[in-house]
Amino acid sequence: QWIMGIETSCDETAVAIIKNGREMAANVVASQIESHKRFGGVVPEIASRHHVEQITIVLEEALNQAGITYSDLSAIAVTEGPGLVGALLIGVNAAKAIAFAHGIPLVGVHHIAGHIYANRLVAEMKFPLLSLVVSGGHTELVYMEEHGHFEVIGETRDDAAGEAYDKVARTLSLPYPGGPHIDRLAHEGEPSINLPRAWLEEGSYDFSFSGLKSAVINTVHNAEQRGEKIVPEDLAASFQQSVIDVLVTKTGRAMDEYKVKQLLLAGGVAANKGLRAALEDKFANNPGIELIIPPLSLCTDNAAMIAAAGSILFEKGIHSGLDLNANPGLDIAIHNDK
Ligand code: ATP
Ligand code: MG
Ligand code: FE
């Protein structure tokens with residue numbers, strides 16, 4: 001079984017080919033970061049244009065890497081949402097054209113289902129499991145009782161974790177995307193600055209990072225007004241500590257309540273060294289619970305994760321019609337009741 005995955009929801013044009021659900025035969029990612037950097041964030045119109053320019057090149061490269069042709073494919077999986085509508089449309093239309101021209105089944109995949117399934121390329125998934133999804137647009141705890149079934153038990157009420165990282169980085173005049181820069185600074189500083197942690201109501205698995213972000217911005221501005229200097233390394237370390245405390249504590253509570261066998265880390269912020277270390281500290285030696293953390297290249301946007309999720313849906317007999325459309329506000333529950 002060969003499954004091709006296509007991902008164009010944001011600023012990466014990505015195509016991958018997976019053999020038998022778990023073996024990576026090709027994984028090509030064309031990043032646009034350099035084009036968006038000078039604007040301090042992703043510019044949707046520029047993203048769409050780059051996807052149009054890159055998609056056929058990336059498709060060819062993936063086929064070459066895997067050493068196969070379109071006629072070898074069992075199915076073609078594509079991110080149908082959520083994301084930027086113009087960006088999503090390029091991937092969806094490329095996938096539909098290939099599916100139609102070569103008579104290959106089409107499978108629409110939710111981007112976050114993809115981030116979670118990046119873990120299937122690392123280890124066999126064992127249910128029930130919990131996934132901590134931390135990305136540029138999402139911060140969620142997702143409970144899975146079986147393949148292809150997603151229950152969001154908690155989510156952010158304002159900023160996503162990655163969004164908070166990027167905004168804090170901007171306050172410290174670090175380049176976009178700021179997550180990796182804050183991560184690096186944090187390791188050179190001490191978490192000596194007092195910053196809030198949003199626990200929300202007792203028992204809630206929801207998150208909130210906008211208060212923390214504002215506290216960081218106020219700390220910087222207040223210091224500037226008083227003519228004092230803050231140590232960016234210490235501020236980064238304090239911010240990162242606050243994010244990690246909340247993420248790890250709530251995840252631990254959910255794991256106890258839902259009695260899961262595995263914890264899967266997912267999304268771009270899963271690349272964070274501090275978060276990875278904190279989770280390993282707390283859960284790696286916990287008998288009965290397996291902690292899975294994907295390699296960095298599978299944490300940020302890629303198409304291997306879309307192919308991995310698509311392969312499971314395909315095996316369950318779930319296909320999309322050629323009327324598949326990009327859906328920027330797609331809900332992960334679309335995968336559930338099929
Ligand atoms: P979504 O998946 O929610 O649609 P997205 O696809 O834009 O959003 P990802 O590509 O999954 O997001 O992740 C990008 C985010 O990850 C950015 O906010 C970036 O700053 C953050 N990030 C990447 N590496 C690190 C790191 N080492 N530490 C913290 N954040 C990081
Ligand atoms: Mg990206
Ligand atoms: Fe993503």
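UniProt, in an unreviewed entry, puts the feature "binding site" at His111, His115 and Asp301. Those positions span 191 residues in sequence, yet no two of their C-alpha atoms are more than 8.9 Å apart, so they gather at one spot. Keep in mind that this is a predicted model.

**The annotated site**

- His111 sits in helix α4, which covers residues 111–117.
- His111 counts as buried because it has 25 C-beta neighbours inside 10 Å, where 20 or more is the cut-off.
- Setting aside neighbours within four places in sequence, His111 is in contact with Ser9, Thr79, Gly81, Pro82 and Gly83.
- Asp301 is in the loop between α10 (296–299) and α11 (304–315).
- Asp301 is buried too, with 27 other C-beta atoms within 10 Å.
- If you skip residues up to four places away in sequence, Asp301 touches Glu7, Cys10, Glu12 and Ala14.

**Around ligand 1**

- There are 24 residues around ligand 1, and the ones that come nearest are Gly136, Gly137, Gly162, Gly179 and Gly268.
- Sorted by class, that shell has 15 polar, 6 nonpolar and 3 charged residues.
- Helices α4, α5 and α6 each put at least two residues into the shell.

**Helix α5**

- Helix α5 (residues 161–171) is largely enclosed by the rest of the structure, because 8 of its 11 residues are buried.
- The buried ones are Ala161, Gly162, Glu163, Ala164, Tyr165, Asp166, Val168 and Ala169; of these, Gly162 also turns up among the residues that come nearest to ligand 1.
- The cover over the buried part of α5 includes two strands, β6 (129–134) and β7 (139–144), along with helices α6 (179–186), α7 (210–225) and α8 (232–258).

**The sheet**

- An open sheet is built from 5 strands in the order β8-β7-β6-β9-β10, with mixed pairing.
- Its edge strands are β8 (151–155) and β10 (290–292), each pairing on one side only.
- On average, neighbouring strands here are turned by 20° against each other, direction ignored.
- β7 and β8 pair in the antiparallel sense over 4 bridges, and Glu140 has Glu155 in β8 as its bridge partner.
- α8 lies across β6, β7, β8 and β9 (262–266), and runs at about 160° to β6.

**Backbone spots to check**

- As background, most peptide bonds are trans, and most residues other than glycine have a negative phi.
- Gly81 and Pro82 are joined by a cis peptide bond, with omega about -10°.
- Pro82 lies in the loop between β4 (75–81) and α3 (85–102), and both Gly81 and Pro82 are contacts of His111.
- Another cis peptide bond joins Phe127 and Pro128, with omega about -5°; Pro128 is in the loop between α4 and β6.
- Ser173 has a positive phi near 60° and is not a glycine.
- Ser173 sits in the loop between α5 and α6 and is exposed, with 9 other C-beta atoms within 10 Å.
- Lys259 has a positive phi as well, about 45°, and belongs to the loop between α8 and β9.
- With 10 C-beta neighbours inside 10 Å, Lys259 counts as exposed.

Conventions:
Residues numbered from 1 in each chain as written. Chains lettered and ligands numbered in written order. Predicted model: local features only at pLDDT ≥ 70, side-chain atom pairs only at ≥ 80, totals over all residues. Buried ≥ 20, exposed ≤ 12 C-beta atoms within 10 Å, placed from the backbone. Contact = placed C-beta atoms within 7 Å. UniProt positions renumbered as here; feature names shortened; annotations may be inferred. Pairing = 2+ DSSP bridges. Axes fitted to C-alpha atoms, helices over the stretch in contact; angles between N-to-C directions. Near = placed C-beta within 6 Å. Nonpolar A, V, L, I, M, F, W, Y, C, P; charged D, E, K, R; others polar.
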